[in-house]
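Please have the structure up on your screens. I will go through a pocket, an aromatic pair and a helix packing.

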Amino acid sequence: MKSGIYTFANDVVYDQLIALLNSIEDNAGTDVPVCIIPYNSQTEKIEQELKNRSHVFLFDNQDSINFWEDFMIQAWMANTTAQKIWKEQGKPAVRRVNFVRKLCSFDGPFDKFVYMDADTLLMDSLAPIYEKLDTYDWVVNDFQYKSDLHDIFNPEKQDILENVIGLEKAKSQIFCAGWFASKKDVFNRQRMAELLEYINSGDAEVLSLRGSDQPLYNYLVSRSGLSFYNVAYNNPEEATGSHWSSNFDVIDNRLHDKGRRINYIHFMSIPAAKFRNLCQGENVNIPYQDVFLHYRYLKSPSDCPTLKDPSQWLQLKRRLQQLVGKIAKKVKLKLRSS
């Protein structure tokens, strides 16, 4: 297949996935192929939905999934700093291994692709992004490069970072792992074997202990020397935002930034439970939740719920559950480290 979109989901984010798929159909076309990489085997609701979407399918290459998860484990096990600190803190040796499945995109059917997290909505055509892939290997569109470098690379290992990538290059190429575009086989097995040698030779130490998959992705792209283009970095005056915290204008259920339609919105860090509650009729006060509901129920507008504020009892119950959860987590960590 010439081009398409990948996303990453299971039934836990079902409502978000449906909203994303509908936003793709509405803003990119009904014939755009979409491949869903499963987070785990919990995909019964998704599989039922796909019976009504001939252009959407599940990624089913288990060898690819195994390869990338093994790569993730080896990369983090090579980080002696992380292993020492996480052991002292009672944390597992490798966290969020499933998230590396995003990189199965390079083993899929699309020659060119855009990867979008399930908690995003497409707002505009992807044609300009695909055109950029004629020139570049990796294309992003976000302002993540303005964030703290320490979220991606270990600040105590900047000497290593300077030697293996270059500090300024690393800073300029920071990107959010929730949305990127690339091409099939950019990360092939030969290149990954070479990168793993670098990682095992000491490069692993540059990865920030604050994350798991995102530091690894950023390292792989910069260390590989891929031709890289960030719309927001290379053309900041014309670029639009994408984060839900931005102040966008809503016009015909599409978001605009200073008069220009944005490419996508990313609801990153907002729990999936809030979207489930929203779709059950609770006013959860998510930014742009009316836009989300529009796309979630685009094919069945009569099912869109009338929102009500949660009762005081429900709010109290949730606060108590959060408190109990925090206490349980502290006890668990204490027991692990004892």
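The largest pocket holds about 780 Å³ of space. On a 1 Å grid over the protein atoms alone, a pocket is an open set of points where a 1.4 Å probe fits, with protein on both sides within 12 Å along at least five of seven lines; the volume is the space filled by probe spheres set on the points. This is a predicted model, where local features need pLDDT of at least 70 and side-chain atom pairs pLDDT 80 or more, while totals for linings use all residues. Residues are numbered from 1 along each chain, and side-chain values use heavy atoms, without hydrogens or water.

Of the 32 lining residues, R96, F99, K102, D117 and D119 are the closest to the pocket's centre; lining means an atom within 4 Å of a point. β1 (3–9) and α9 (213–224) each give two or more residues to the lining, and α9 gives the most, with three.

Next, aromatics. The whole structure has 27 aromatic pairs, meaning Phe, Tyr or Trp ring centres within 6.5 Å. One of them, F113 with F180, is edge-to-face (planes over 60 degrees apart), at 6.3 Å centre to centre and 75° between the planes. F113 is in strand β4 (residues 112–116) and F180 in strand β7 (residues 179–183), so the pair ties together parts 67 residues apart in sequence.

Last, the helices. α1 (residues 14–28) packs on α12 (residues 289–296) at about 80°, with the axes 7 Å apart. That makes α1 roughly perpendicular (65 to 115 degrees) to α12. In α12, the residues that meet α1 are F292, Y295 and R296, with contact meaning heavy atoms within 4.5 Å.

Terms used
Axes fitted to C-alpha atoms, helices over the stretch in contact; angles between N-to-C directions. Helix = DSSP H or I, 4+ residues; strand = E, 2+ residues; numbered from the N terminus. Parallel < 35°, antiparallel > 145°, perpendicular 65-115°, else oblique. Phe/Tyr/Trp six-rings, centres within 6.5 Å; stacked < 30°, edge-to-face > 60°.
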